Amino acid sequence: METANLLESNNMQTKEEMRGIHNGIWSATHRGHIGMVNCVCPSMELDYIVSGGQDGSTRIWRFDEEYASYNLRQIIQHGVGENIFDDEAARATPVVRRSAASVNLGGADEDYPRIGVTAVCTTGSRRQITVNEMVQVDEDEEFIKSELDYIETIEWKDEWAKILGQTMKVTAVSVLQDTVTLSGHDGETFLTAELPMCCVTREESKEISRDGPTISGTADGDVSVLCTCSPDDSAVRLFSRLHEGAVNDICAIPCTSELLEIVVVSVSDDGDAAVLTLLTEEDTQEGLGLCLRLTSAEVRRDKDGRPIRMRHQGSDGRTQPVLQVRPIGTELDDHDRASFATLTQDGVNLWSGDGAFLMKLTIHPKSLVFDPSQNADVLTDTQVDRYRSLATVSKESGTLLFAAGQDIVGVWFMDDGMVTKTASLDKTERIELWQRDLQRYQQKGLGIKPTAVYQQWGQALDVDQSGASASFAIDLRHEYTTTMWQLEGISSLFLAVEPSSLANQLIMPGRERILLEMTHTSRPISLRVAYDPDYSQGAGGPALIVGCEDGTVSAWDLEGDDSGQKYAEMRSLSRTELWLPLFMLMVSSLQLLSFAFGPAVPWNQEVKSSAVYVRKVAVLDFEWKYSKEDIFWPKTQVVMVLMTFFILYQFLGVQQNSQNLFRFIQNAAPYKLERKRAPCCRPLHALLVFLKWLFQLQSTVISLLATILVVPMVKVIAIAFDCVPADPDNAQLCILGGCRLAEAPTILCYESQHLSLIVKLGLLFPIYLFAVLPIAACAGDDTYVPPATLYNLDAWRRSAKRKATDLHMGYLHPNPKVVFRYQLMELLGRVAIPIITTETTRYPLLQTSLVASISFVSFVLTVVWHPFLEKKYLMLVIILKAYTVMVMLIGVVTVIIDDSDSWVPEILVACTSACAIIALMVLMMTVQLRTVEVGVYRAV
């Protein structure tokens, strides 16, 4: 159980290429989890995300820069199954069901069984300047001298001026003084120099992080280690039955030394915390960049050679299940300092790096919390019967440790592995105080009180990992909501002096406010907060990774104007998502083609009778039992009301103001007091639920007005302007009078009611069109267009790109570089065509020429822009657009011939159709879909 077993190559499939049966379409519908996602964990810079599910698989989703989205790249399958991609086989797979442990969801009444992969963890480290590395010395002599003034043991030497701007070799690194010793030739002599580390730069400065192995644990107690950058059969190491119960959590301390050693701790229902040691070496792999290759993995042992096992027992002597584990700091301490914290139902346990138990931390039954109604700190009941969440955040100024029970979150500040109230004390004083606290705990069992206690939910709690401080925390609330609430009293950016510790910036308990809420379509199960440094294609700051009940993994932006937006989704595509775009492509092509067979085009009667029926079906132009005169005014008034509602919604910022209203209610003192009442006695909670439902209804209407209702509304507006002379032989302009509405001949144009109508429509329509463009480019999702970006074209482009690429669409995936302008072009084309066809009914040549011109422009831009990345699908779109252009040009020829008995147009259409069919057949047979390479490993 305590030795690493190397999987035999015949038990593992490596680098399976999904060709033939495993083609791109098939893999897109089977790449996600089947069933619930138990756990998620992001890499250091979110270039990949690891998820574990009830289906017994660990899945690694890597960010594809070309597609600007995440896609499945590696899988570890735990258990035995014929085909891990087959739904029925996966459900029948006898994956680990031994443990009786369960996870309770935030706001859920029932517990979910812990089966499959129950814990995942990523590893890695920041790349430090190392011995034998080549670096470049800064050219600014005055800057280097100013930095040397802070180091008393080093003085500037005049001969060092010869190495300014030169590339030198690192011969030694001083962590204590933060300096590097350099050596090299200046062209004549051999020189050595010791300079501050900030005065030199690496030649490969972009490679600032190294991703290491991925660890996963199962409900059977197995722990496996996958070397993500290994191309051979030694990629997976399996520790079979490392635990007797389900593995509930795994954490790792990033390596900071050149030993490249990673320490991994796994905790389980069996009450044990097991420690593994992973040794790695730096490597570079194509497509992965700088990474850490696994060289060995073994159970960590103490000085006497015994495996380190941290046993958890309650006050009654019974073994307690361990729920979570988190690292403290960034370096392992094998003495009397805390390196790990574990969570059991009765509190937080602190452990040293060599497995020695130090202290148990619990929240005091009574704590001071600010009461807004009394405007003073009040001693409040903060008794915790059962702890359920643990989180840590480590910065240069120390570590914050969070433990949460039911509606209570306690925070402790730690510095150098010691629990303390402040970092302002001398280090010797802090050590003495820590030793006294340890002695008091051993004698009396009294732990250290938390620095702050907040009355927040705390379910599945995690904390801000970006920047120099922790500005927020996130937890699960209700069934489908994750909530971000305030931790930072004031940002360090507004302070003249940097705070001495993270604790100095914590907000006073009771004054914290809810900052953001994110609603999910499926119940969240696991969440982690990470930092995404990619501003162009990622969050560009803090991000939230969520695993859901339906097998979906998603990433959410938490900062800036686009906070609360989902920018990545990792799951299988549904069959509807795969085939609906193809169907809609055919329908839109058919709609355009129908205009070539319009009533004004003199086709042969046999052709025209069939075309008229197809046209009515394509454009939904059916005959109604009510006359068009009777419904003209009602439908026009409805369109004006809808446009007015849309304009006010956008320009008044209803979406943002609604969120502000929700936060205002949630942060109000009466709302907080209602949490202690029975559900039937919470009027503000009921009001909030109603307002959220009303807001969701408004958002649905806005989405419809920006997508499928755009063309029908434009059609109604065009009809309102379509005036014809009362006398067909009169060719005068209708604006001079004597005209009637073509749709309703009883209405006189440009008089009384009609004049008022067209003035209103003339004012509303341009404003509506401007407001609808950014939302339509985001597929009708107004959350991607906050009020601050309404007048920013670049923001429109970023939002459209984020919405279109949040999910990897396989062969349907759009080109991120042109997705905004292509969608804009398509929208403007759909708006222009009903206007043209309505207003030019009396001029068939002009009508067909304009529609053909729009089709030709669309075809040319498709060829130039390449709006889809998959060549096969792109060629299909191009062929359909080329066919549409040719048929429209044949319609122009038909109008010019003006002979309904002529068969020339029909022959041209038949030849064009035959060429299009041949082109499609050649495309299907010769152009191959891109292959999707997925590394598949079995741990059995």
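At what angle do helix α16 and helix α17 pack, and how far apart are their axes? Helix α16 (residues 871-897) and helix α17 (residues 904-926) pack at about 175°, with axes 10 Å apart. That makes α16 roughly antiparallel to α17, a label for angles over 145 degrees. Axes are lines fitted to C-alpha atoms, for helices over the stretch in contact, and angles run from 0 to 180 degrees between N-to-C directions. Helices (H or I, at least four residues) and strands (E, at least two) are DSSP runs, numbered from the N terminus.

The model is predicted: local features need pLDDT of at least 70, side-chain atom pairs count only at pLDDT 80 or more, and totals for chains, interfaces and linings use all residues. Residues are numbered from 1 along each chain as its sequence is written, and side-chain values use heavy atoms, with hydrogens and water left out.

Contact here means heavy atoms within 4.5 Å. On the α16 side the contact includes Leu-876, Ile-879 and Tyr-883; on the α17 side, Leu-908, Ala-916 and Leu-923 are among the partners. The residues of this contact divide into 16 nonpolar, three polar and one charged. Nonpolar covers Ala, Val, Leu, Ile, Met, Phe, Trp, Tyr, Cys and Pro; charged covers Asp, Glu, Lys and Arg; the others, Gly among them, are polar.

Now the sheet. Four strands form an open, antiparallel sheet in the order β23-β24-β25-β26. Strands pair if DSSP finds at least two bridges between them. β23 (324-327) and β26 (357-361) stand at the edges with a single partner each, so one side of each lacks a neighbour in the sheet. Neighbouring strands are turned by 20° against each other on average, direction ignored. β24 (residues 340-344) and β25 (residues 347-351) pair over five bridges. Thr-342 stands opposite Asn-349 in β25. Helix α4 (residues 427-444) lies across β25 and β26, at about 80° to β26.

The axes of α8 and helix α10 (residues 683-705) come within 10 Å and cross at roughly 170°. That makes α8 roughly antiparallel to α10. Val-654, Gln-655 and Phe-662 of α8 are among the contact residues, as are Leu-688 and Phe-695 of α10.

Key: Parallel < 35°, antiparallel > 145°, perpendicular 65-115°, else oblique.
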